[in-house]
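How does one read a protein model from the whole chain down to a single residue? Please look at the sequence and the structure below before going on.

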Amino acid sequence: MGKQLFRYSEDNKAKFLESDNITFNDGSVVTPEEIWDYLTVEGPVKYPGTYEINLSQGNRDSRDETLPTSLKTHYLSLTFSARMEKAKKNGKTIAFIQGGQAVDPYTAADTIALRPFLVGQWYHGREHGNDIYKSVLRRKQSKETAFHDMSFEACQTGGYEHVQVGDLPIDVVAPYTVLRCSDVSYGVEAHRHGPNKDVKLINVDFPMRHQADKPWAIEYFARNLKKLVKTLDEARGKKTTEDDLWRAIRLHNEGRRLGTELADLWWSTDIPPTNSDDRNSLVALANLDMHGDVQASLSVLKEAKKIIAERVKNGVKGHAVTDNPKRLFILGSCVGINESRSEDAGAIVVGKDDQWSHCTSLVEEEGDPYYNLAKATLEYPYEQSIEKRAQWTIEQIRKSRADGVIFIHNWGCNTQAAVSRPIVDFIKRETGIPTYIHERDLHGLRDEQEQNRVNAFIEML
Amino acid sequence: MTISGNYFAGVDVGSLAAKSVILKDGEIFATGLVQSGVNSVESGLNALNLALETAGLKKEDLTYIVGTGYGRVSAPYANKAVTEITCHAKGTNYLHPTVRTIIDMGGQDCKAIRIDPDGAVVDFAMNDKCAAGTGRFLEVMAGVFKVKLEDLGSIALSATDTVPMSSTCTVFAESETISLVARGEKPENILNGIHHSIANRIAGLFSRVGIESDVFFSGGVAKNSGMKTAIEQALKVSIVKPEIDPQLIGALGAAVIARNFAKKEGLWV
Ligand code: SF4
């Protein structure tokens with residue numbers, strides 16, 4: 001049976017062409033015409049899988065085509081692999097990162113910082129013409145390599161295996177050994193003992209939790225950040241100045257401010273102005289690291305904020321949002337629920353804690369930039385004690401008017417697994433909101449069982 | 001034959017069995033239970049057809065059908081799909097309105113469900129990553145002892161002792177059982193230990209959601225008397241005696257929900 005593919009409708013083209021350009025780090029610009037062409041001609045040929053209408057992938061037969069920024073984030077995802085190849089050819093330094101950090105120091109050192117998910121996206125985007133089935137097989141193959149090179153017990157292995165095999169030109173492995181992430185230690189050890197030691201490793205040591213009020217801890221971490229920048233400088237053969245770091249901090253603060261304003265606008269109305277997927281892909285732009293190009297993320301984010309404000313003013317409801325959906329707040333690292341399937345079951349995702357935590361943490365713009373950055377990082381609400389993290393989460397839950405909370409963590413994500421129970425218990429006790437904990441099994445191979453539990457929770461709400 | 005009344009069906013396709021219940025207005029009219037095959041659409045239809053045949057009805061006579069269980073996502077014959085957690089709650093409430101806590105043990109998972117007086121779920125927990133505490137686990141153990149699955153419970157109840165079973169995984173438990181047999185432990189005492197170890201794992205689920213009387217045991221494993229006794233001991237409760245085959249509770253709940261949907265959508269007044 002032939003695959004059913006989604007197509008962008010020509011009906012929305014004229015309106016889309018009136019929308020803004022995307023401006024990239026290197027100053028280049030793509031126009032809405034070029035984006036439209038790519039999404040309707042080149043994209044479906046190169047990446048038919050992302051156009052496939054497939055229940056388990058949560059695809060719909062139509063997306064929110066009247067939301068131009070939704071098309072633009074799709075464009076940025078589809079062009080990601082090619083853009084990384086081009087950046088590399090133009091001599092850009094690329095770092096593999098992990099640990100949930102903000103990427104200000106990498107931006108300052110003119111380095112593209114890629115999390116495991118993006119490293120995988122780069123690798124898999126190199127091959128064209130795959131349907132979903134073939135893409136999944138290919139990803140499983142990468143996993144097998146990771147089991148061999150790294151560990152069966154780590155969850156987000158994507159990245160290290162490509163560094164080991166040497167099939168992606170990553171210049172430096174530069175994670176934060178933050179406590180939230182137990183995978184970092186697997187990756188760092190695998191790299192230390194692996195075959196591709198030419199790729200430099202810098203381990204940014206994040207002091208133990210609950211030290212944000214201790215000057216020694218801030219100073220210690222600031223020194224680590226300096227070491228990180230020095231390593232990136234060695235990789236690219238150029239020095240990063242304090243001014244560079246200030247510029248990066250201001251740029252990222254702008255993203256963080258826009259992101260929080262956008263989320264506040266979204267939360268300010270009872271009618272969800274976008275569906276869950278669009279909400280998350282727009283709010284996620286705030287950290288400017290989602291598409292390997294901080295300026296491109298910023299330009300889409302600016303436009304998104306204008307559009308959301310307009311939608312809120314006019315009471316526009318997001319595409320495929322049901323009437324009076326049950327509002328879910330999702331907790332935990334690196335995973336989320338299948339948003340469109342959960343919408344079909346009558347819910348909407350109104351927030352997540354993970355990356356949102358550092359989106360809400362602005363870096364002070366006066367003083368010592370390394371110290372300020374270290375201080376802001378140590379203050380991430382997500383990295384605090386269970387009680388502090390839960391209290392901050394409750395604030396977000398209240399602001400977003402969530403009806404229910406799901407804590408989802410990967411199998412093998414040891415810290416999140418350990419804190420999930422006390423955190424949801426605290427939230428339940430303080431707010432009375434129903435909560436549910438779900439452990440995603442090894443690499444998410446049991447979609448159906450997971451959705452069954454999520455749907456039961458939605459029905460319960 | 002003239003068909004009078006309104007008929008609502010629930011079809012529950014699980015990993016081991018497919019079940020169906022037809023309600024006539026408010027009463028249970030017919031049921032069907034078949035083994036699940038690899039094709040879940042076919043399994044569901046077989047169970048539904050069996051109930052239709054017993055009732056002397058055609059599919060067109062049904063006002064509304066709700067599908068549940070793992071096969072619910074591919075149930076083209078159903079008007080709506082609802083998870084089996086909600087269905088077990090509704091089905092139990094329909095038969096036993098005083099029940100507030102349900103243990104559901106099916107072929108591939110085990111659930112602890114708390115409900116309110118209307119049969120709405122207020123909390124639930126499920127075993128996430130292990131076959132222990134499921135029908136599949138007991139099936140493996142029946143295979144080890146070469147006895148019929150339905151005889152496991154009564155064999156366990158004839159035990160004079162309880163041999164503790166420490167493995168948390170079906171595969172390890174199988175080899176632990178084999179080594180216990182080799183050490184000369186009596187099969188009934190080992191089986192008793194197995195039932196108690198499963199019951200202890202189920203008790204663990206209740207540490208998350210709590211227990212309130214009355215307590216009901218649904219699902220295919222609820223037919224195992226040894227399991228029922230072990231759970232009663234582990235949870236220090238007595239379990240309400242089921243009015244129908246406890247394996248049909250999910251399908252019954254789906255039929256009750258079908259009736260509610262039909263009412264809501266103006267198909268039944
Ligand atoms: S899921 Fe947990 S352990 Fe895995 S990469 Fe994310 S934070 Fe790290």
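This is a predicted model: local features need pLDDT of at least 70, side-chain atom pairs count only at pLDDT 80 or more; totals for chains, interfaces and linings use all residues.

Residues are numbered from 1 along each chain as its sequence is written, chains are lettered from A and ligands numbered from 1 in the order in which they are written, and side-chain values use heavy atoms, with hydrogens and water left out.

Begin with chain A, which has 19 helices and ten strands; helices (H or I, at least four residues) and strands (E, at least two) are DSSP runs numbered from the N terminus. The radius of gyration of chain A is 21 Å, close to the 23 Å that the globule rule gives for 461 residues, so chain A is as compact as a globular protein of that length. That radius is taken over C-alpha atoms, and the rule is 2.2 Å times the number of residues to the power 0.38. Along the principal axes, the C-alpha atoms of chain A fill a box of roughly 50 × 50 × 45 Å.

Of the 461 residues of chain A, 59% count as buried. Buried means under 20% relative accessible area, exposed means over 50%, and partly exposed lies in between (1.4 Å probe, protein chains only). Contact means heavy atoms within 4.5 Å. Among contacts in chain A between residues at least 6 apart in sequence, 74% join residues at least 24 apart.

Helix H19 of chain A covers residues 447–460, 14 residues in total. Its span from first C-alpha to last is 20 Å, close to the 20 Å expected at 1.5 Å a residue; the expected span is 1.5 Å times one less than the number of residues. Eleven of the 14 residues of H19(A) are buried, so this helix is largely enclosed by the rest of the structure. The buried residues include Arg453(A), Val454(A), Phe457(A) and Ile458(A). An α-helix has 3.6 residues a turn, so residues three or four places apart point the same way.

Chain B has eight helices and nine strands. Its radius of gyration is 19 Å, close to the 18 Å that the globule rule gives for 269 residues, so chain B is as compact as a globular protein of that length. The C-alpha atoms of chain B fill a box of roughly 65 × 35 × 30 Å along the principal axes. Of the 269 residues of chain B, 55% count as buried. For contacts in chain B between residues at least 6 apart in sequence, 66% join residues at least 24 apart.

His195(B) lies in helix H6 of chain B and, at 0% relative accessibility, counts as buried. Leaving out residues up to four places away in sequence, His195(B) touches several residues, among them Leu138(B), Leu152(B), Asn224(B) and Met227(B).

Gly210(B) sits in the loop between helix H6 (187–209) and strand S9 (215–218) of chain B. Is Gly210(B) buried or partly exposed? With a relative accessible area of 23%, Gly210(B) is partly exposed. Apart from its neighbours within four places in sequence, Gly210(B) is in contact with Thr101(B) and Arg114(B). The C-alpha atoms of Gly210(B) and Asp123(B) are separated by 9.0 Å, while the two residues are 87 residues apart along the chain.
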